[in-house]
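Please keep the sequence and the structure in view while reading.

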Amino acid sequence: MTPQAIISEIARDFPDAWAGQGIPEADLAALRAAAGGDPARFRTLLKRRLAGDPVAYVLGQIHFRGRRFRMDRRAHITDPETSHLVEAVLAAARDLPDGAVVAEVGVGAGALAISVALEAPRVTLVGLDVDSDALALCRANQALHGVGFDLLESDMLHGWGDRQPPALVFGDLPWGDETTVYDEFRDVRHYLHMPPAAAFPLGDRTSAQRELIQQVMRLGWPSRVILNCGTLPEADIQSLAAAAPGRRAVIHRPAATAALLDITVG
Ligand SMILES: C[S@@+](CC[C@H](N)C(=O)[O-])C[C@H]1O[C@@H](n2cnc3c(N)ncnc32)[C@H](O)[C@@H]1O
């Protein structure tokens with residue numbers, strides 16, 4: 001049976017699920033490629049996807065900035081738009097001295113931090129996450145890419161200890177709500193498949209980002225802070241900027257679905 005015949009059969013047998021999931025063509029192509037011409041394998045993968053499993057968990061991997069990363073239920077599925085955050089961090093890293101410390105808060109499976117480590121080898125990464133399971137997957141991805149920066153199990157920066165303050169703190173911490181999703185294929189259901197600590201903030205849609213900014217301010221660290229704000233409305237991002245009085249805050253919009261808040265001293 002061809003993949004198209006299997007798709008037609010499954011769509012006919014499960015019309016409500018098929019209509020409800022609205023599986024994008026890119027996912028079907030990825031499942032076909034993973035099945036490698038084995039019809040039974042394709043059917044198995046498609047059934048999982050139809051049940052609602054995100055394609056990254058079905059395949060056990062993502063591709064980000066041209067690299068493959070292991071992905072499973074232990075971690076948030078990296079949103080491709082966060083490549084803009086990586087670009088901003090790389091640009092900032094060019095102004096830093098050799099060995100400067102760059103911390104990602106909410107490192108998850110590590111796609112962002114590992115990309116920075118590989119593309120800006122002059123700086124020293126540290127990854128922090130509240131979720132030890134995500135950190136275990138990040139370690140597997142570090143091994144896959146031959147990088148070995150420190151990982152700390154930590155709520156925000158509370159586990160930083162007496163290390164020197166990082167020159168730069170960045171992150172794609174949980175933000176938003178059901179009104180601010182990236183696109184129709186990543187609605188709230190997509191994020192509800194992910195670890196509870198990863199998808200949405202504990203408070204309002206900017207509370208996690210605000211908590212981090214306020215912590216840096218309270219600590220008096222001179223660190224630059226660059227946060228992904230995705231599709232948050234301008235007013236939300238302005239309110240985050242206001243959490244850093246006396247610092248310079250710039251909102252970058254490198255794409256329609258990518259806003260970055262960049263906070264510097266002076
Ligand atoms: C949207 S995910 C991004 C993960 C990763 N940066 C990526 O793009 O694949 C947010 C991450 O922040 C972590 N996180 C949530 N609350 C946190 C907190 N209070 N302290 C540290 N990390 C936190 C989650 O566990 C999750 O890994």
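The notes below go from the domains to the sheet, the helices and some single residues.

The structure is a predicted model, in which local features need pLDDT of at least 70 and side-chain atom pairs count only at pLDDT 80 or more, while totals for chains, interfaces and linings use all residues. Residues are numbered from 1 along each chain as its sequence is written. The chain is divided into domain 1 (3–52) and domain 2 (80–265), with bounds that come from an automatic or database domain assignment.

**Domains and core**

- The centres of domain 1 and domain 2, taken over C-alpha atoms, are 34 Å apart.
- The largest nonpolar core holds 69 residues. A nonpolar core is a set of buried Ala, Val, Leu, Ile, Met, Phe, Trp, Tyr and Cys residues joined through C-beta atoms within 7 Å.
- A residue is buried if 20 or more other C-beta atoms lie within 10 Å of its own, exposed if 12 or fewer, and partly exposed in between, with C-beta atoms placed from the backbone.
- Val89, Val102, Ile226 and Leu260 have the most contacts inside the largest core, and this core draws at least three residues from each of domain 1 and domain 2.
- Not counting residues up to four places away in sequence, Leu260 touches His84, Leu85, Ala88, Ile226, Leu227, Asn228, Cys229, His252 and Pro254. Two residues are in contact if their C-beta atoms, placed from the backbone, lie within 7 Å.

**The sheet**

- Seven strands form an open sheet with mixed pairing, in the order β5-β4-β3-β6-β7-β9-β8. Strands (E, at least two residues) and helices (H or I, at least four residues) are DSSP runs, numbered from the N terminus, and two strands pair if DSSP finds at least two bridges between them.
- Strands β5 and β8 (247–255) stand at the edges with a single partner strand each, so one side of each has no neighbour in the sheet.
- From one strand to the next, the twist averages 20°. Angles run from 0 to 180 degrees between N-to-C directions, and axes are lines fitted to C-alpha atoms, for helices over the stretch in contact.
- Strand β3 (residues 101–105) runs parallel to β6, joined by three bridges, and Ala103 stands opposite Val169 in β6.
- Strand β3 also runs parallel to strand β4 (residues 124–129), joined by five bridges, with Val105 opposite Leu128 in β4.
- Four of the five residues of β3 are buried.
- Strand β6 (residues 168–171) is joined to strand β7 (residues 224–228) by four bridges, and these two strands run parallel. Leu168 has Arg224 in β7 as its bridge partner, while Gly171 stands opposite Leu227 in β7.
- In a regular strand the side chains alternate between the two faces of the sheet. In β6, Leu168 and Phe170 point one way and Val169 and Gly171 the other way, and all are buried.

**Helices**

- Helix α11 (residues 207–219) packs on the sheet, where it touches β3, β6, β7 and β9 (258–265), and its direction makes about 180° with that of β7.
- Helix α12 (residues 234–241) lies across β8 and β9 and runs at about 15° to β9.
- Helix α6 (residues 83–93) packs with helix α7 (residues 111–119) at an angle of about 35°, and their axes are 10 Å apart.
- Leu85, Val86, Val89 and Leu90 of α6 make this contact with Leu112, Ser115, Val116 and Glu119 of α7.

**Single residues**

- Leu152 lies in strand β5 (residues 150–153) and counts as partly exposed because it has 18 C-beta neighbours inside 10 Å.
- Leaving aside neighbours within four places in sequence, Leu152 is in contact with Val126, Leu128 and Gly159.
- The C-alpha atoms of Leu152 and Asp129 are separated by 6.6 Å, although these residues are 23 residues apart along the chain.
- Arg65 lies in the loop between β1 (61–64) and β2 (67–70), and has a positive phi of about 50° although it is not a glycine. Arg65 is partly exposed because 18 other C-beta atoms lie within 10 Å.
- Met156, in the loop between β5 and β6, is another residue other than glycine with a positive phi, near 45°. Met156 is partly exposed, with 19 other C-beta atoms within 10 Å.
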